[in-house]
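Subject: A structure for you to explore

Hi,

Here is the structure I promised to pass on. Have a look at it first, and then read on for my notes.

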Amino acid sequence: MPERGPGAPRGGHPGEPRFIVDTMLGDLARWLRLLGYDTYYSSRLDDWEILRRAEREGRIIVTMDRGLASRARRRGLRVVRIASFGAAERLAELALHVPVRLEADPSRSRCPECGGPLRPVRDKEKLRGRVPPAALEAYSVFYVCERCGRVYWEGSHWANIRRVLREAREMLARAQRGG
Ligand SMILES: [Zn+2]
């Protein structure tokens, strides 16, 4: 049986890059899931486990650790070493090496916390008691994580998400021009 750990859900998009993100980059892991990428992350992964999973599951390693990056390269694994800080900077740095969509599309997002697939909720009344009443009143699009059950909605934070992604696209364009 194929293992179905966090970040390896059913319903992935074939042909898309899959990632395994080291323990120092939990924020980047959440961003990749938000963008819809199959991303394995755990705060308790050791280097050996990262290498083993990357090899077995065909995942690209994303790390800040030079030592891990060079061990991965010696084994012929794909690895991107991140050196920058800040969400937009890190996304741009990753996108320089791996083609990732820096576009927000909530309908293809994964659960940022566990990587599970999100299912749209047609009848938001079913969420009464699970969502703050003000959010239930104010918003119309809700999603439930099929794995961990968390509920998400397209609220005001999406403006912030879109702003960070716009910054990342601008940084990427500058870096690609060599500036
Ligand atoms: Zn979840």
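In what order do the strands of the open sheet lie? Please keep in mind that this is a predicted model. The sheet has 4 strands in the order S2-S1-S3-S4, and their pairing is parallel. S2 and S4 are the edge strands, each pairing on one side only. On average, neighbouring strands are turned by 20° against each other, direction ignored.

Let's walk across the sheet. S1 (residues 19–21) and S2 run parallel and are joined by 3 bridges, with Tyr 41 in S2 as the bridge partner of Val 21. Another 3 bridges join S1 to S3, where Ile 20 stands opposite Ile 61. S3 also pairs with S4 (residues 79–81) in the parallel sense over 3 bridges, and there Thr 63 is opposite Arg 81.

Now the helices. H1 lies across S1, S2 and S3 and runs at about 150° to S2. Helix H2 (residues 47–57) packs on the sheet too, touching S1, S2 and S3, and its direction makes about 175° with that of S1. The buried residues of H1 (residues 26–34) include Leu 28, Trp 31 and Leu 32. Besides the strands S1, S2 and S3, the buried residues of H1 pack against helices H4 and H6. Just after H1, Gly 36 takes a positive phi of about 100°.

Happy exploring!

Definitions and conventions:
Residues numbered from 1 in each chain as written. Predicted model: local features only at pLDDT ≥ 70, side-chain atom pairs only at ≥ 80, totals over all residues. Pairing = 2+ DSSP bridges. Helix = DSSP H or I, 4+ residues; strand = E, 2+ residues; numbered from the N terminus. Buried ≥ 20, exposed ≤ 12 C-beta atoms within 10 Å, placed from the backbone. Contact = placed C-beta atoms within 7 Å. Axes fitted to C-alpha atoms, helices over the stretch in contact; angles between N-to-C directions.
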